[in-house]
Amino acid sequence: MTILERIAELSREFGTPDYVLGGGGNTSAKDANSLWVKPSGTALPSMTADSFLKMDRSAIARLYAVEPPVDVNEREAMVGRMLAEAKCNLSDAGRPSVETPLHNAFSATFVVHVHPSFVGGLVCGRNSREVCESLFPDYLYMAYTDPGYMLSMRTREEIQKYNEQHGHEPVAIFMENHGVFVASDTVAGAREVFARIMTVLREQYAEAGVATAIDVGPAPSDDYVASVVEQVRRVCGEEHTAHVEASGPFQVAGGALTPDHVVYMKAYAFEGEPTEESLRAFQHEYGFAPRIVSNGNGVISFGTTENNARLAMELAKDGALVAQLAEAFGGARVMTRAQWSFIDNWEVESYRRKVAAG
Ligand SMILES: [Zn+2]
């Protein structure tokens, strides 16, 4: 099997809903000179050997040396430009993942980055750092960092520090309120690390008596859904409510848990009975129209496309599960306003949403 067939296999294996939702997560393979990375906006389950973008590693490394602009949008625009120029075949369609410099910072052949709900329960737990350090002492734990360039640079520094202390790089990195990176020279090695993580966490959840699936009540009546849609449409507009999905009630998370949740369902669900007044108050408080309305009758998601409405519901359910699992580790720690606003305002993510919607 070629190196690209192997990374495609790993991408599909760890692209299932247990590991990642929507267009989230990314994978790469490398040799001494080249890095093949998943293009932004593509989905792991559909990766094949020829889906990857071939990147020039020395061109990616130039990013580590530049003095980046202070302004976030200018900074990420510069990174986007430099990454586009680092493609070995400039005519290749597709945009390299914003986490490409991070993948390149590992020397291991294969790097798999995903956001499993099981890991979410750990990295979104209030005691995440202490728990990670005691359950997985040989893995690295990183405090929350805004995604994009800053995350790549900070991770690279942490990998170097770890390398100096241990004489080798970490095989896994847990990222607070985000997910996990696994790095290995072999497919079997990557599998083994994931198996260990999932097994240990499964045991922890069992020991804490935390259920690994959420309780969903009976579906709301069509009339009820129609009345909520009508109300939200009146306040938030036709386009926002163009597509709708409904579910029986479940306990939504009390805030943003990871960047993916912010991207697909926004930081907060509207909780309670929607009225013109309460919807306006919500919009005033958070600066966005609710994608999720949740109460004892059910949970209803909204999207400008069918895919967006579906993903909002998927991520709302995932957020509910992550918050439930986090009970094993001190309860859920939600992202701060500065953290979720950064994602909300981020052009790169809106690109991903656009591709995911298409
Ligand atoms: Zn991620």
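Domain layout

Modeller: The C-alpha centres of domain 1 and domain 2 lie 26 Å apart; the domain bounds come from an automatic or database domain assignment. This is a predicted model, in which local features need pLDDT of at least 70 and side-chain atom pairs count only at pLDDT 80 or more, while totals for chains, interfaces and linings use all residues. Residues are numbered from 1 along each chain as its sequence is written.

Biologist: Which residues belong to domain 1 and domain 2?

Modeller: Domain 1 covers 3-208 and domain 2 covers 222-357.

Biologist: How many residues of each domain are in contact?

Modeller: 31 residues of domain 1 are in contact with 30 residues of domain 2, contact meaning C-beta atoms, placed from the backbone, within 7 Å.

Biologist: Which helix gives the largest share of the side of domain 1 that touches domain 2?

Modeller: Helix 5 does, with five residues; helices are DSSP runs (H or I, at least four residues) numbered from the N terminus.

Biologist: Turning to helix 13, which of its residues are buried?

Modeller: Gln339, Trp340 and Ile343 are buried, that is, 20 or more other C-beta atoms, placed from the backbone, lie within 10 Å of their own. Seen down the axis of helix 13, the buried residues fall within an arc of 85 degrees, so they line one face of the helix. The arc is taken over directions from the helix axis to the C-beta atoms.

Biologist: What does Ala312 touch?

Modeller: Leaving aside residues up to four places away in sequence, Ala312 touches Tyr264, Met265, Arg291, Ile292, Ser301, Phe302 and Gly303.

Definitions and conventions: Contact = placed C-beta atoms within 7 Å. Helix = DSSP H or I, 4+ residues; strand = E, 2+ residues; numbered from the N terminus. Buried ≥ 20, exposed ≤ 12 C-beta atoms within 10 Å, placed from the backbone.
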